[in-house]
Amino acid sequence: MLFRSIKPDEVYNLAAQSHVQVSFTLPQYTAQVDAVGSVALLEAIRASGIQTKFYQASTSELFGSTPPPQSEESIFKPQSPYGAAKLMAYWCTVNYRDGYGIHATNGILFNHESPRRGETFVTRKITRAVARISLGSKEKLYLGNLDAVRDWGYAKEYVESMWLMLQQDNPGDYVVATGVGATIREFADAAFSRAGLNWKDHVETDKKYLRPTEVDALIGDPSKAERVLGWKAKTHWKALAELMVDADIKLIQT
């Protein structure tokens, strides 16, 4: 009913329980929001009969244990309830595209961060701690698997890729990434170094932050997005860590 009255030209489904660790604690809630919620939107578009373009926020966590680099052709092997729920949403997006002719696209975005990232996510957890410690806090920063490799990009740039996907005449699926990976250890080192600190003096590991099933390495192959959309990441992980630290120091000081 709402779709028929609004008649949106484009729908961007970014709604999700998007914290991987939380999905192990709340698997049913994660499935309802991330999987069933996405299907509800697709079904509403189908039932309304309107010609709208649909963007589904997919995730690099779909690949899970598949070795990098991961592209649109890589095998999906999710390693969390979050990844599994997103996999259902991914395939339903494909099914509604193929079965009903809906302009439905999956954006398989790798980790995209910014100073607005929630503080429970590892990048912002690190940069917030760096800011506090640089301004006099004596706290320790507790992290999980420091060897996990991720492909971190700047959310501001990744949102542009979402929009570009829905400007295409034909729907499709796209990996959006920088193509460059770094360990959590390296990200922490860059963040602390930005504030003139040695990460080893302030970081400790805690087993409670380890996942039941770990994802060792996610590094995307964004060649299709570059070729079809004309999109390419400008900000890689080190510059990202530095801009997030600068923003968090400024936030605390104001």
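This is a predicted model: local features need pLDDT of at least 70, side-chain atom pairs count only at pLDDT 80 or more; totals for chains, interfaces and linings use all residues.

1. Helix α7 covers residues 184-194, and its buried residues are Ile184, Phe187, Ala188, Ala190, Ala191 and Phe192. Buried means under 20% relative accessible area, exposed over 50%, and partly exposed in between, computed with a 1.4 Å probe and protein chains only. Helices (H or I, at least four residues) and strands (E, at least two) are DSSP runs, numbered from the N terminus. An α-helix has 3.6 residues a turn, so residues three or four places apart point the same way.

2. Residues are numbered from 1 along each chain as its sequence is written, and side-chain values use heavy atoms, with hydrogens and water left out.

3. Which elements cover the buried residues of α7? The cover includes α5 (122-134), β5 (141-143), β9 (182-183), β10 (203-205) and α9. Just after α7, Gly196 has a positive phi of about 75°.

4. Helix α9 (residues 237-253) contains Leu240. Leu240 counts as buried because its relative accessibility is 0%. When neighbours within four places in sequence are left aside, Leu240 is in contact (heavy atoms within 4.5 Å) with Glu113, Trp152, Gly153, Tyr154 and Thr235.

5. The structure holds 13 salt bridges, a salt bridge being a side-chain nitrogen of Lys or Arg within 4 Å of a carboxyl oxygen of Asp or Glu. Side chains of opposite charge can pair when their charged atoms come close. One of the bridges joins Arg185 and Asp147, at 2.6 Å from N to O. This pair links distant parts of the chain, since Arg185 belongs to helix α7 and Asp147 to the loop between β5 and β6 (149-150), 38 residues apart. Arg185 is partly exposed, at 30% relative accessibility; Asp147 is also partly exposed, at 48%.

6. A salt bridge is also formed by Glu214 and Arg150, whose closest N and O atoms are 3.8 Å apart. Glu214 lies in the loop between β10 and α8 (223-229) and Arg150 in strand β6, so the bridge ties together parts that are 64 residues apart in sequence. Are these two partners buried or partly exposed? Glu214 counts as partly exposed, at 24% relative accessibility, whereas Arg150 is buried, with a relative accessible area of 5%.

7. The side chains of Arg194 and Glu242 meet at 3.8 Å, N to O. Arg194 is in helix α7 and Glu242 in helix α9, 48 residues apart, and the pair thus links distant parts of the chain. Arg194 is partly exposed, at 42% relative accessible area, while Glu242 is buried, at 19%.

8. Ser48 belongs to helix α3 (residues 27-48). Ser48 is buried, with a relative accessible area of 15%. Its side chain reaches the backbone oxygen of Ile45 at 2.9 Å. Apart from neighbours within four places in sequence, Ser48 is in contact with Phe3 and Arg4.

9. Tyr12, Leu14 and Trp163 make a nonpolar surface patch of about 310 Å². Patches are made of residues with over 30% relative accessible area and no salt bridge, like charges being joined within 9 Å and nonpolar side chains (Val, Leu, Ile, Met, Phe, Trp, Tyr) within 5 Å. Leu14 is found in the loop between β1 (10-13) and α2 (20-25).

10. The chain as a whole has nine helices and ten strands. Of its 254 residues, 50% count as buried. Its C-alpha atoms fill a box of roughly 60 × 35 × 35 Å along the principal axes. Among contacts between residues at least 6 apart in sequence, 81% join residues at least 24 apart.

Technical notes: Accessible areas come from the Shrake-Rupley method with a 1.4 Å probe; for residues, only the protein chains shown count as cover. A polar contact is a pair of N or O atoms within 3.5 Å; within protein, one must be able to donate a hydrogen and the other to accept it, and residues adjacent in sequence count only if both atoms are side-chain atoms.
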